[in-house]
Amino acid sequence: MVWQVYKIHSDFYYVKNCEHDTLTCKLRDVLKKQKIDIVVGDFVEIDKNCFITKLLKRKNFLIRPKASNIDLALVVCSFNEPKLDLIQLNRYLIYLKYHNIPSCICFNKEDLSNDLNNEIKALKKIYENLGYKLFFISAKNKINIDEIKKYIKNCSIVLIGASGVGKSTLINALNDDDNKADKKTGTISKKTLKGTHTTRHCEIVDYEDFSIIDTPGFSKLKFDFLLPNALVDLFDDIKIYAKNCKFKNCTHDNIENKTCEVCKNLDKIDKSRYDSYVCFLIESLEYKKEISKKSIKKESLNKSISNKTALKVSKRKRNLSRNTQKQKIKDEI
Ligand SMILES: Nc1nc2c(ncn2[C@@H]2O[C@H](COP(=O)(O)OP(=O)(O)OP(=O)(O)O)[C@@H](O)[C@H]2O)c(=O)[nH]1
Ligand SMILES: [Mg+2]
Ligand SMILES: [Zn+2]
């Protein structure tokens, strides 16, 4: 029988099956040794002693938040408290695109907007043109919640967003029966107007015809794992110009250079999108620098070995390292 992990607390894995039976399991040592990271959303096999013995093939997988087998990500942000931050929103969207996870955007706390109609108009212009489905809601006042319900029918959803934007409040608002709306929601710090990290763990919440993973809010996500070329490919609105740029290895960030195809067309790209690209590009360039440093180191090491100039490692050190290796194996057993 196939079980799905719906919650993880320290070493305990809470699993459920399609008949809504639930069990609390632990991880088989062999999986621990293989360093297999089981996350919420994973389908697993278990033995009669309630040990997870096997991880079944994943449809997809996210490291932040740790979740798998997702049909759609609902990126949640708020008009205010915390303030709407489009660079942060683009961070989530580009990250999800990198992972091939379809996403839509939920702008919450519409009751706190200073100029709702104009804000909606501006957001639609940017994000509907990029093909995103948008929701403008108030989770607290249960406004436009039915529209989300219809859209996510039969889907496994993950909520993504900063702390305090109202993810858990939305989870509660999606319940028709207020008695079932039992997710702990937090407060907003009066000083910073940001959330206070109320949700601490990912957990699947089941509804009649969809399921949602509530997740802890997070904002520290960096593009220090992909190269500039790959980054620009994730921005559809910049890529259309970048692909015609005549400069090889151009990072399209020298706005003075009017011969760069992207910089020439800046008036056609939304400013917050371009600013986001430049912001993530800095992180991506750091990564590029890091890996080229490593490959230079490797290259020079290989060269010196091939020139037979490598320093001989003393016999004692060699033995030591073998001992260390043996010790490591022992520890693992
Ligand atoms: N004014 C207003 N407040 C809201 C709305 N939705 C949520 N809130 C408030 O925002 C605060 C934070 O909501 P949560 O649902 O705990 O936020 P969260 O995204 O789950 O935060 P973390 O669990 O920390 O990631 C609570 O005080 C909610 O009452 C809304 O539509 N309007
Ligand atoms: Mg929460
Ligand atoms: Zn260019």
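Biologist: Which of the 26 residues around ligand 1 come nearest?

Modeller: The model is predicted: local features need pLDDT of at least 70 and side-chain atom pairs pLDDT 80 or more, whereas totals for chains, interfaces and linings use all residues. Residues are numbered from 1 along each chain as its sequence is written, with chains lettered from A and ligands numbered from 1 in the order written. A residue is near the ligand if its C-beta atom, placed from the backbone, lies within 6 Å of it. Of the 26 residues around ligand 1, those that come nearest are K140, G166, S168, T199 and G217.

Biologist: Which helix gives the most residues to the shell around ligand 1?

Modeller: Helices (H or I, at least four residues) and strands (E, at least two) are DSSP runs, numbered from the N terminus. The chain has ten helices and 13 strands. The one that gives the most to this shell, with three residues, spans residues 167-173 and is helix α5.

Biologist: Which residues have the most contacts inside the largest nonpolar core?

Modeller: Such a core joins buried Ala, Val, Leu, Ile, Met, Phe, Trp, Tyr and Cys residues through C-beta atoms within 7 Å. The largest core has 62 residues, and helix α2 (residues 86-98) provides the largest share, six residues. The residues with the most contacts inside this core are V75, V76 and I213.

Biologist: What is the bridge partner of V76 in β9?

Modeller: Strand β8 (residues 72-78) pairs with strand β9 (residues 103-108) in the parallel sense over six bridges; pairing requires that DSSP find at least two bridges. In β9, the partner of V76 is C106.

Biologist: Which residue of β10 stands opposite F107?

Modeller: Three bridges join β9 to strand β10 (residues 134-136), and these strands run parallel. Opposite F107 stands F136.

Biologist: Is N69 buried or exposed?

Modeller: N69 is in the loop between β7 and β8 and has a positive phi of about 55° although it is not a glycine. A residue is buried if 20 or more other C-beta atoms, placed from the backbone, lie within 10 Å of its own, exposed if 12 or fewer, and partly exposed in between. Because N69 has 21 C-beta neighbours inside 10 Å, N69 counts as buried.

Biologist: Is N100 buried or exposed?

Modeller: N100 lies in the loop between α2 and β9, with a positive phi near 60°. Because N100 has 8 C-beta neighbours inside 10 Å, N100 counts as exposed.
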